[in-house]
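Please report on the strands, hairpins and nonpolar cores of the model shown here. Keep it brief, and define the terms.

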Amino acid sequence: MITMHQSVTRTAWLCAALAGAAFAQPIAKFQTHEVATGLRGGYQVVIADINQDGKPDLVTVASNLTEVAWFENPGWQKHVIVSDIRQPINLAVVKADKTGVVIALATDFSPNAKQSIGTVMILESTGDVTQPFKRTDIDKLPTSHRLRMLNGLVVNAPLTDADAVAPDYHGKTPLVFYKPGEWKRQLITDADDGVVHCIYPVDWDGDGKQQMLTASFQGVFLLRQQKDGKWERTKLAAGSPDAWPKSGASDVAVGRLRNERFLATIEPWHGNVVAVYTKENGEWRRNVIDTSLADGHTLLTANLDGTDRDVIIAGYRQRGASLNLYRFDGKQWVKSLLDEGGMPAAGCAVGDLNGDGRPDIACIGTATATLKWYENLGTK
């Protein structure tokens, strides 16, 4: 259900859908392309120019495979980066330039902390990027789950504390980083409690440096590194008001409507809700815009239409398995389906894959084991 309020009637939903057909602003059209199949347990896709030919490639993580690979744009030839691994869960491209490619990868994952080794490894190209990379293990941190780059640092966000037990998962969930070259674990904070599902680097302060948002059972937090190296942690939003462990947020992204910033979330953990937060009188006001997701798992914002309004992209893995787009029409958020029933998206990424100046979308599906990219055809 789509509205700027907490709930709407079926009639209001139909009105919203009709409003979407008559947007005052243009809406981009998309063409679907299948890149690969057989990616069992498809979990993450990252856009990066691995071979430095000026064409962004796709790097994938599929948790039920024993390898990680990249697919070469534009023919999408597959190249194995590393093999003989177990339960890969997330990667970050540390660098990709003329001097080589370095990737951080987390493997040996389980949501059960007692069964999760949480191996973190560094993969380095050795000349020919189409050949397997050199592997160096740098850490073992149970439930290592999200790897992201932040101001040249590799941030690792485990899912839970090492002693956490379902369903409450209480414990001091650590957030750490590694400085390239040293690769020694350093603590950012262990103030979070319960599941931390998302970390989101963003230039929040507009100072040319990245800050970081986290989404967890405790809600959405902003983390800033101070001049003395310490980290300041500020709560922005509580997320789902339901009782623990259905509280908080699962994913968060930042978008803009003209000159105003908004937060988009999936709530609660692997939840059914898409919510939008806008700032009013110094507080982030929560508006539920959809309650139909089943196992929501990926969330992005992007200027898909070439307007002054970002679009929310949300994917979910269970019943319905569709990729949703949400556009603000000036009064309310209107949903459309980009890939109805065809993409149980665990991870998506946005980038210009064909060099036409328009942002495209790449997604990897868990149940379908597929990798697709959605070509932005523009608004004409």
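## Hairpins around strand 19

Strand 18 and strand 19 make a hairpin with 2 residues between them, and arginine 258 in the turn has a positive phi of about 55 degrees. This is a predicted model: local features need pLDDT of at least 70, side-chain atom pairs count only at pLDDT 80 or more, and totals for chains, interfaces and linings use all residues. Residues are numbered from 1 along each chain as its sequence is written, and side-chain values use heavy atoms, with hydrogens and water left out.

Strands here are DSSP runs (E, at least two residues), numbered from the N terminus. Two of them pair if DSSP finds at least two bridges between them. Strands of a sheet pair through backbone hydrogen bonds, either parallel or antiparallel.

Strand 19 also forms a hairpin with strand 20, with 5 residues between the strands. There, histidine 270 takes a positive phi near 50 degrees. Arginine 256 stands opposite arginine 261 in strand 19. Threonine 265 faces alanine 275 in strand 20.

| Strand pair | Bridges |
|---|---|
| Strand 18 (residues 251-257) and strand 19 | 7 bridges, antiparallel |
| Strand 19 and strand 20 | 6 bridges, antiparallel |
| Strand 2 and strand 3 (residues 57-62) | 6 bridges, antiparallel |

Is strand 19 (residues 260-267) enclosed or open? Of its 8 residues, 6 are buried, so strand 19 is largely enclosed by the rest of the structure. Buried means under 20% relative accessible area (exposed is over 50%, partly exposed in between; 1.4 Å probe, protein chains only).

## Nonpolar cores

A nonpolar core is a set of buried Ala, Val, Leu, Ile, Met, Phe, Trp, Tyr and Cys residues joined through side-chain atoms within 4.5 Å. The largest has 36 residues. Trp204, Leu213, Ile312 and Trp333 touch the most other members. Strand 20 (residues 273-280) gives the most to this core, with 5 residues.

Isoleucine 312 has contacts (heavy atoms within 4.5 Å) beyond its neighbours within four places in sequence, including Phe262, Ala264, Val276 and Trp333. A second, separate core has 23 residues, among them Ala106, Ile122, Leu147 and Val176.

An open sheet of 4 strands has the order 2-3-4-5, with antiparallel pairing. Strand 2 (42-48) and strand 5 (77-82) stand at the edges, each with a single partner strand, so one side of each lacks a neighbour in the sheet. The twist averages 25 degrees from one strand to the next. Axes are lines fitted to C-alpha atoms (for helices over the stretch in contact), and angles run from 0 to 180 degrees between N-to-C directions. Glutamine 44 has valine 61 in strand 3 as its bridge partner.
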